[in-house]
Amino acid sequence: TRAFITLRPKAMPELLYYALRSLFFDDIVAISRQGKGYPTLSESDLRLLQFDKQQIDLLWTKSDKLIAQINEIEQEIATLKAQIKLPQLIIDNVFAREFELSVDRLTAISNSQCLNVAWSNLYFNNSNLRFSCRWNKAGLIQEALLEMSDIFKPLGKYIIKTRNGYSPECSESASMYGVLGIDAISKDTILRFDNLKYTDSRIPNARIFTVQSGDLFISRGNTTDLVALASIAELDDDDEGVIYPDLMIKIELAPPIDKQYMAYVFNSFIGRLYFKYATKGKNQTMVKVSAKELHDFYVPLPSLDEQKRIVDLIRSEIIKQDAIKALIADLRKQIDKIIEGALTETHTAY
């Protein structure tokens, strides 16, 4: 797309790739255009780049040796990357294994083009004229889960309160309140605070909409694949005074429910398949979930100790993945040092 620029170097394409990520990265940042949004680059900007000729000559002289060293490290990185599992897959595998659920059976319902639905079911849910194949899949998926296990219960029995957030007008000059975006909610259930907007607007009852540590949120509106994702807030000192927006819902749950466990349920195939078809919206790029869909959501609810055990299983797998990613990051740093070290060694010789 037009969001990308393709470079075709006349020489050393591989080394230039690594050098642009490390040695010349500050040069690229220096010529980027700092607008109201995120920084951007254009082809004309890139043509302003000038590299130190001596550095380029040195890279050229040692290119074969450098590429050989880098390729050896890249092979290690490729081996580690093959071991990486997405958080979604980790969560799905644990729930499918622990509750002996057939993901294939649920996927078959999801992929079906025709459904056999009783007229009574259509009549019962006729208030919104929701006769579509898509919407009825939600019910069939939940029926299949209930047949697989007797541990499923309606979440509505345990919901104390739900509250939609507040979306004030934001500006770049504002600083009074930070405001979360919908992208703050993630599949790994960690609420992100690194892409805040800001507002100086007067917010009625601001305390009600201020994020507190331990709050459980779901996305009220998004695409069919991302709607009703759940995340839990863990605040640092810098994250205080942050408002959650209208497209997020805060849920308060009664015992015996572990919030982290429930966030994993929402983000597992159990929640993904239900909310993909139960939500409302004419445009599938923006559907919404309401309190009714939350109350009607059947969730696996073992004892509190069992919930905590499952949380520990998922977390231990995610920690393993984090360790692999840390190893990859260290290997990337080694590549940067190889390039920078080659220049340092040769400069010393001059």
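Colleague: Why is Asp238 called exposed?

Modeller: Exposed means over 50% relative accessible area, buried means under 20%, and partly exposed lies in between (1.4 Å probe, protein chains only). Asp238 has 72% relative accessibility, so Asp238 counts as exposed. Asp238 sits in the loop between strand 7 (230–232) and strand 8 (242–243). Helices (H or I, at least four residues) and strands (E, at least two) are DSSP runs, numbered from the N terminus.

Colleague: What should I know about the source?

Modeller: This is a predicted model: local features need pLDDT of at least 70, side-chain atom pairs count only at pLDDT 80 or more, and totals for chains, interfaces and linings use all residues. Residues are numbered from 1 along each chain as its sequence is written, and side-chain values use heavy atoms, with hydrogens and water left out.

Colleague: Which residues form the negative surface patch?

Modeller: Glu234, Asp236, Asp237, Asp238 and Glu240 form it. A patch takes residues with over 30% relative accessible area and no salt bridge, and joins like charges within 9 Å. Asp and Glu count as negative.

Colleague: Is Met12 buried or exposed, and how do you know?

Modeller: Met12 has 16% relative accessibility, so Met12 counts as buried. Met12 belongs to the segment before helix 1 (13–21). Its phi is near 50°, a positive value in a residue other than glycine.

Colleague: What about Thr189, buried or exposed?

Modeller: The relative accessible area of Thr189 is 4%, so Thr189 is buried. Thr189 lies in the loop between strand 3 (177–179) and strand 4 (197–199). Phi of Thr189 is near 70°, positive in a residue other than glycine.

Colleague: What is the peptide bond from Pro255 to Pro256?

Modeller: That bond is cis, with omega near 5°. Pro256 is in the loop between strand 9 (248–253) and helix 10 (259–267).

Colleague: How do you know that strand 3 and strand 4 pair?

Modeller: Two strands pair if DSSP finds at least two bridges between them. Three bridges join strand 3 to strand 4, and the two run antiparallel. Gly178 stands opposite Tyr198 in strand 4.

Colleague: What is the order of the open sheet, and which strands stand at the edges?

Modeller: Three strands make up the open sheet, in the order 4-3-8, with mixed pairing. Strand 4 and strand 8 stand at the edges, each with a single partner strand, so one side of each lacks a neighbour in the sheet.

Colleague: What makes Arg33 and Asp45 a salt bridge?

Modeller: A salt bridge is a side-chain nitrogen of Lys or Arg within 4 Å of a carboxyl oxygen of Asp or Glu. The closest N and O atoms of Arg33 and Asp45 are 3.0 Å apart, and the pair forms a salt bridge. Arg33 lies in the loop between helix 2 (25–31) and helix 3 (43–46), and Asp45 in helix 3, so the pair ties together parts 12 residues apart in sequence. Arg33 has 45% relative accessibility and counts as partly exposed. Asp45, at 5%, counts as buried.

Colleague: How far apart in sequence are the parts that Arg309 and Glu98 tie together?

Modeller: Their closest N and O atoms are 2.5 Å apart in a salt bridge. Arg309 lies in helix 13 (residues 304–349) and Glu98 in helix 6 (residues 87–99), so the pair ties together parts that are 211 residues apart in sequence.

Colleague: How many salt bridges are there in the whole structure?

Modeller: A search finds 13 salt bridges.

Note on methods
Patches are made of residues with over 30% relative accessible area and no salt bridge: like charges are joined within 9 Å, nonpolar side chains (Val, Leu, Ile, Met, Phe, Trp, Tyr) within 5 Å. Accessible areas come from the Shrake-Rupley method with a 1.4 Å probe; for residues, only the protein chains shown count as cover. The place of a charge is taken as NZ of Lys, CZ of Arg, CG of Asp or CD of Glu.
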